[in-house]
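Here's a quick tour for someone who likes the cut-offs spelled out. Have the structure open and follow along.

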Amino acid sequence: MKQSKFKDVKNIFIDTVDTESYVELDSMRYNCEVLEESLKKPLKMILLFGKPGTGKSMTLNRLWFNLKNSREIHYFDAPILSEKAFLRSIYESISSQQIPQNMRVNFDGLLKYCQKLRGEREIVFLLDECQLYSEALMEKIRLLSDTRVVKFVITLHKTENEDVIAKEHFKTRIWEIVELLNAGEEDLNVYIQKKLIRKGFVEVANMFSKKDIKFIHTHSKGNFRETNKFLYTFFSIYEYYDLHQPERISSHKFSKKILEMTAIKLGYIYD
Amino acid sequence: MINTKQLEKRWYRYKTKNFILFFAGFLLFLLLPYGGYYLLNYGNPMEEKNSLNTPVVQMDSTSIKEVKLEEKPIVETISVAKEHNLTPITPSEVILSPVIPIVDFTQEKSNDRANKRVVEKKSVSPKRKEKSRLVQAKPSTYLTPNELSVVNGTAPNRETKKIHFQSSSSNYMEIMKQKFHENKNPREAMLLANAYYKAGNYIHSEKWALKANSLDKDLEESWLLFAKSKKQQGSRNEAVKILETYYKKSKSTKAKMLIQKIHSEGLQ
């Protein structure tokens with residue numbers, strides 16, 4: 001059976017958080033540098049926040065990748081909602097010991113353990129999706145950070161409520177705040193081009209015109225997640241035409257019609 | 001798997017909607033200035049109402065004339081401006097007023113004053129006759145107080161009303177022709193003949209001068225204009241013959257002078 005090249009192209013834009021899919025943009029490099037510099041300072045907590053799809057998880061992942069060999073750094077990519085499991089994970093990460101399943105970590109004991117390590121070690125924990133943590137657990141995270149042995153870099157979605165959490169709950173403790181914004185048109189172009197070229201689809205990358213990028217940017221508003229979604233759908237439609245009606249698509253440039261069809265499919269424009 | 005066929009249909013719908021919206025917007029853009037123009041010009045009904053009340057009647061542009069009107073007379077005659085040298089009209093004759101004077105085609109644009117004519121209407125019929133006619137026309141029981149005062153001769157003198165109006169030459173011709181067909185008046189035929197002569201249409205001026213002459217053989221103007229029209233068409237000898245015939249009959253000095261003039265032009 002005939003295979004379309006667009007099948008592989010569309011898979012590039014499946015939304016994943018890993019170092020392989022990380023695309024270094026100027027804005028992202030800058031954010032990583034700010035975070036690295038902040039971690040060198042005697043700060044207790046660092047807040048990384050922005051709208052969904054602005055690259056918070058990716059930045060956190062990149063930070064972990066950059067520092068994993070030089071610092072004691074632990075990355076919790078998925079939120080651990082149970083307090084018991086969270087404390088256990090923290091202890092196991094610090095002590096590098098497995099706790100038997102029939103035992104639990106006592107929070108006071110953990111605090112005392114951390115206080116004993118003051119001046120000896122500095123451990124960084126990267127916590128993603130912190131808006132899902134309970135207030136009680138967030139309070140315990142704050143107390144742990146007060147020991148100055150454990151540092152936390154936390155990410156929060158920038159919604160109205162979460163903004164309140166960020167401001168009210170942590171305003172006295174978070175000393176560094178990094179806000180991530182949606183990409184501009186040029187950044188988005190670089191993002192798409194790099195993603196395609198890295199996988200060897202140079203021809204496909206060259207098929208994008210400025211107008212196409214502008215169209216995508218207008219509808220995705222520079223949001224990486226939305227852009228991935230858009231391009232995945234776009235190349236899915238292209239795959240169909242490539243397999244069934246190849247005479248209707250050009251090999252030099254992308255069709256505006258298919259761009260508009262994608263926007264209709266994703267609900268950006270209404271028919 | 002994306003249902004591409006269905007998506008394509010949705011896309012066509014989207015494009016159609018866009019096109020309609022664009023077209024409607026474009027149409028609106030085109031119509032806005034017209035709408036504004038219409039509102040500015042015809043949107044004020046008060047203005048229209050006021051314009052209806054004004055005594056000024058405006059037609060096409062040529063000249064503005066003053067017409068004095070009196071409501072008293074039932075039977076009216078006209079005294080046209082003296083420079084026309086018209087034959088005297090007997091009081092018993094009824095001649096309609098030329099509402100629109102002759103239009104000088106060659107000079108109408110440059111000199112409107114030349115076209116101004118004052119037409120005065122005045123009662124010339126005897127008072128008794130007038131009264132009897134009025135009574136015959138309408139029983140006194142049905143007369144209004146105003147009409148009764150006219151019959152009794154006690155009506156106060158009315159103010160002279162001025163009506164300004166303008167007419168184009170073609171309009172004038174049509175009106176005059178219509179009037180002539182209604183009244184068969186040689187004076188109107190002469191007015192038309194004069195107008196055509198001044199416009200350089202000598203065939204028509206000859207025709208209308210002949211019409212006037214057939215209605216009134218003694219109308220000097222018709223003889224002179226008929227001859228002049230002939231001359232202008234190149235029939236100089238014929239023109240002279242006509243004038244000589246008329247001169248023998250009437251001993252008109254004007255006819256004699258015209259004969260001499262034609263002869264002198266011929267010598268030159």
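A:R148 sits in the loop between α6 (135–146) and β4 of chain A; helices here are DSSP runs of H or I with at least four residues, strands are E runs of at least two, and both are numbered from the N terminus. This is a predicted model, where local features need pLDDT of at least 70, side-chain atom pairs count only at pLDDT 80 or more, and totals for chains, interfaces and linings use all residues. Residues are numbered from 1 along each chain as its sequence is written, while chains are lettered from A and ligands numbered from 1 in the order in which they are written.

**Two positive phi values**
- A:R148 has a phi near 65°, a positive value in a residue other than glycine.
- A:R148 counts as partly exposed because it has 16 C-beta neighbours inside 10 Å. The scale goes like this: buried is 20 or more other C-beta atoms within 10 Å of a residue's own, exposed is 12 or fewer, partly exposed is in between, and C-beta atoms are placed from the backbone.
- Over in chain B, B:K251 has a positive phi near 55°, and isn't a glycine either. Its loop lies between α9 and α10 (253–267) of chain B.
- B:K251 has 9 C-beta neighbours inside 10 Å, so it counts as exposed.

**Strand β1 of chain A**
- Why call β1(A) (residues 45–50) largely enclosed by the rest of the structure? Because 6 of its 6 residues are buried.
- A:M45, A:L47 and A:F49 point one way from the strand, and A:I46, A:L48 and A:G50 point the other way.
- β1(A) runs parallel to β4 (residues 150–157) of chain A, joined by 6 bridges; two strands pair if DSSP finds at least two bridges between them. In this pairing, A:F49 stands opposite A:L156.

**Cores**
- The largest nonpolar core has 33 residues, and A:L47, A:L48 and A:F152 are among those with the most contacts inside it. A core is a set of buried Ala, Val, Leu, Ile, Met, Phe, Trp, Tyr and Cys residues joined through C-beta atoms within 7 Å.
- A second, separate core of 26 residues includes B:A189, B:L192, B:W208 and B:W223.
- Beyond its neighbours within four places in sequence, A:L48 is in contact with residues including A:K56, A:L60 and A:V178. Contact means that the C-beta atoms, placed from the backbone, lie within 7 Å.

**Helices**
- α3(A) (residues 56–67) has 12 residues and reaches 16 Å from first C-alpha to last, close to the 16 Å expected at 1.5 Å a residue; the expected span is 1.5 Å times one less than the number of residues. Its buried residues include A:K56, A:R62 and A:L63.
- α7(B) (residues 202–215) buries B:S205, B:E206, B:W208, B:A209, B:A212 and B:N213. The cover over them includes α6 (186–199) and α8 (220–232) of chain B.
- In α9(B), B:A239, B:I242, B:L243 and B:Y246 are buried. They cover an arc of only 95° around the axis, which puts them on the same side of α9(B); the arc is that of the directions from the helix axis to the C-beta atoms.
- On the other side of α9(B), B:N237 and B:K248 are exposed.

**Chain B and its contacts with chain A**
- Chain B has 10 helices and 3 strands, and 19% of its 268 residues count as buried.
- Where the chains meet, 9 residues of chain B are in contact with 11 residues of chain A.

Terms used
Two residues are in contact if their C-beta atoms, placed from the backbone, lie within 7 Å.
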